[in-house]
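Visitor: Please show me the model. Then walk me through how its parts are arranged.

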Amino acid sequence: AAADENESYVYVLEPESREDLINFVNEASDFVLDQGKDKAIEVFNDPNGEFVRGELYIIAYDFNGTRLAHPYLPNGIGEYALNVTDSNGVADVRNMREVARRGGGFTYYIWPNPAHSNAEELKLTYVLKVDEGLWLAAGTYLRVHTPIFNNESREDLVAFVVSARDLALGTSKEDALNAFNDLNGSYVEGDRYIFAYDFDGNALALPFQPELLGDNRINITDSNGVEYIRDMIALAQSEDGFVYYIKPDPAENMTQGFKLSYITKVDDTWWLGAGIYA
């Protein structure tokens, strides 16, 4: 994906490139099963090894969040990494682990690109569970303007979501959802709005898509195959956090936009969030 002459950006990777990424990680998983974990980790950590191919490389973690392999981060091997966040506050390792827990899939994060003098760039990453003690990932850097949301924007987004949660905790669920679904209400501000779901993935509040209310959307994916409702549920189950995904922007005639959303749990039955577009 690349920027066009009008400086608009396309964040979708071609299906063939996504398939290449899947195959690369599957090959690494097969290598673990064939050569054993210790040998595989040694190879994955070698910046000149067979699993470093241009900007593609394998990273490996256990499910406790310990970094086992990263060819460009040798000083970080053995470190606990679940609290590491990218430039937008996205807990990339924690989010990848949740994807691995369900077997595998795609996710996004921002990371230095060793092929571009370690410039921070957006990656679409494929994650795969190898066994109960190991998961692998590799990512493709998207040729786009890297979306950096400043601290003020993120803090304002968090405050917006927290105010909605406070409303939900201070009134009936029905009244709160009526407020969130009101296009003319105080929880719709331009392209920023509150959405809400239960933990099964049923839509409870979607002010710009009322026809979807009540639908189960847990299996939907964005244009790159990212299962963002599942990602949000995982975040809500751990209380809160940020997540990236692609979603139509109501302020831009529902054209696809890259979005950073903040998610928080209301109670053990439902959660809510809101996002800002790049």
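Guide: Two terms come up at once. Two strands pair if DSSP finds at least two bridges between them. Helices (H or I, at least four residues) and strands (E, at least two) are DSSP runs, numbered from the N terminus. The model is predicted: local features need pLDDT of at least 70, side-chain atom pairs count only at pLDDT 80 or more, and totals for chains, interfaces and linings use all residues. Residues are numbered from 1 along each chain as its sequence is written, and side-chain values use heavy atoms, with hydrogens and water left out.

Visitor: What is the bridge partner of Y262 in β14?

Guide: Strand β13 covers residues 255-265 and β14 covers residues 270-277. They run antiparallel, joined by seven bridges. The partner of Y262 in β14 is A274.

Visitor: In which order do the five strands of the open sheet lie?

Guide: The pairing is antiparallel. At the edges, β11 (203-205) and β12 (240-249) each pair on one side only. The order is β11-β10-β14-β13-β12.

Visitor: Are α1 and α2 parallel, antiparallel, perpendicular or oblique to each other?

Guide: Helix α1 (residues 15-35) packs on helix α2 (residues 37-44) at about 135°, axes 7 Å apart. Axes are lines fitted to C-alpha atoms, for helices over the stretch in contact (heavy atoms within 4.5 Å), and angles run from 0 to 180 degrees between N-to-C directions. Under 35 degrees counts as roughly parallel, over 145 as roughly antiparallel, 65 to 115 as roughly perpendicular and the rest as oblique. The two helices, α1 and α2, are therefore oblique.
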